[in-house]
Amino acid sequence: MRRILLLATCLLGLLAISAPPATNLQYFAGNWSCSGTFPATGRTIASTLVFEPALGGAGVVARQDDMPPNAFHASFLWGPAPDGSLVSIVQDSTGGVRRFVSPGWTADTLLWQSDPTVTPAQQFSYRRLDANSMEVEWLVMRTGTYRVGDVLRCKRTFIQEDASLRSTLVSRIQARLDAFASGDRTAWKSDLDPNALIVDEEGRVRTPSAFLTWLSPLPSGSSGTLRVSDVHFARSNDVAAVTFVAREHESIYNARFFARFSFVDTYHARNGEWLLVSEQQTRLQLDPPTVVLPAASLKQYIGRYRMAGAPYVFAVSIVNEQLEGGTEGSKPFAMHAIADQPNMFFRSNHPALYIFAVSNGHATQLIDRRYYNRDARYNRIT
């Protein structure tokens, strides 16, 4: 009788509880590529195993598919039994449904024993070789002794698969960014899930149809590029996330502009195809042009300023010919003068402007303009 690799359909009466180490099955989560032999005949086997977390993390649901010319397929579910052991239900392509039990891990081995109703008796042994490889043996009772029916050596494939998927998705992302200049909808149409949502840097939410209607070439006199950089990639089974920074260079006739945008793209695998289900775009802050002011000009800002209706005091001083400021009790920071904006300063990589109200060569008030639309006012006290 052919090996049965493990479980499928449903486990009735199982409790979805937090698994202790001996019954923790999450080692198996992911994709595995296996090869081996039937020792009795020497015939070779090649299989794939896919494990996914189930039962709130207390179990796994999985499938095994033999590669041609073999034609064995099985689905299985492992999970906790009420007595603290593990139980497995297996359904295979030959029509068999079998039950196995296990006490859990013993050192690096997880041994499954068939239920007394299974004839002939069978065992599956999963031996953990390291974090990314394992050995699987199917044993069957013959003349009172368990004999090896087949043995598989399995290696995780997520490392190679993820590297390939990452490269593929980044290429598709770059093609979509190129379309912002050309207005070509082809790359977007092939990448979008029908139910996707796209959120642009101004917070507008669009469906695929609305986005494709909006997408158009840059106007006459304008040109630009968007280039992918600073890529981060993560995958969990059939969901993949790509975060990256798009660096924009745009020209409008003789004017040159530069901007950076942060993107979070989420893909899911649908019928074997990875499709974009959401995209979040955020414009990243860039520091404005600066001007170096002489120390004599900076002296008018030195002083202490108290927030109106609050005890906070913002202290301004000059250190090494550079204006510094900050709330008393906190670490001061450099305040950079904005070019062509008298009495206006900023803190690098921080969404705030510091504006001094000056009268007769003497600052009387400091305005802390957060996110460019909310003001905290400080009146000079010394």
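## A buried pair of rings

Tyr27 and Trp32 are both buried. Their ring centres lie 5.7 Å apart, with the planes at 50°, so this pair counts as tilted. A plane angle over 60 degrees would be edge-to-face, and one under 30 degrees would be stacked. The model shown here is a predicted one.

## A pair across two strands

Phe51 and Phe76 form another ring pair. The centres of these two rings are 5.6 Å apart and the planes meet at 70°, so the pair is edge-to-face. This pair joins distant parts of the chain. Phe51 belongs to strand β2, residues 43-54. Phe76 belongs to strand β4, residues 73-80.

The cut-off for buried is under 20%.

## The aromatic cluster

Both pairs belong to a cluster linked by ring pairs. Its members are Tyr27, Phe28, Trp32, Phe51, Phe76, Trp78, Trp105, Trp112 and Tyr126. The count of aromatic pairs comes to 27.

## The chain as a whole

How many helices and strands does the protein chain have? There are four helices and 26 strands. The C-alpha atoms fill a box of roughly 105 × 55 × 35 Å along the principal axes. The radius of gyration of the chain is 32 Å, but a compact globule of 382 residues would have one near 21 Å.

Buried residues account for 40% of the 382 residues. Contacts give another view of the chain. Take those between residues at least 6 apart in sequence: 45% of them join residues at least 24 apart.

## The surface

The accessible surface of the protein chain is about 19900 Å². Carbon and sulfur atoms hold 54% of that area.

One nonpolar surface patch covers about 330 Å². Which residues make this patch? They are Ile252, Tyr253 and Phe257. Tyr253 sits in the loop between β15 (239-252) and β16 (255-270). Tyr253 has 58% relative accessibility, so this residue counts as exposed. The cut-off for exposed is over 50%.

How values were computed
Residues are numbered from 1 along each chain as its sequence is written. This is a predicted model: local features need pLDDT of at least 70, side-chain atom pairs count only at pLDDT 80 or more; totals for chains, interfaces and linings use all residues. Side-chain values use heavy atoms; hydrogens and water are left out. Patches are made of residues with over 30% relative accessible area and no salt bridge: like charges are joined within 9 Å, nonpolar side chains (Val, Leu, Ile, Met, Phe, Trp, Tyr) within 5 Å. Accessible areas come from the Shrake-Rupley method with a 1.4 Å probe; for residues, only the protein chains shown count as cover. A salt bridge is a side-chain nitrogen of Lys or Arg within 4 Å of a carboxyl oxygen of Asp or Glu. Buried means under 20% relative accessible area, exposed over 50%, partly exposed in between (1.4 Å probe, protein chains only). The radius of gyration is taken over C-alpha atoms; the globule rule is 2.2 Å times the number of residues to the power 0.38. Contact means heavy atoms within 4.5 Å. Rings of Phe, Tyr and Trp (its six-membered ring) pair if their centres lie within 6.5 Å; planes under 30 degrees apart count as stacked, over 60 as edge-to-face and the rest as tilted.
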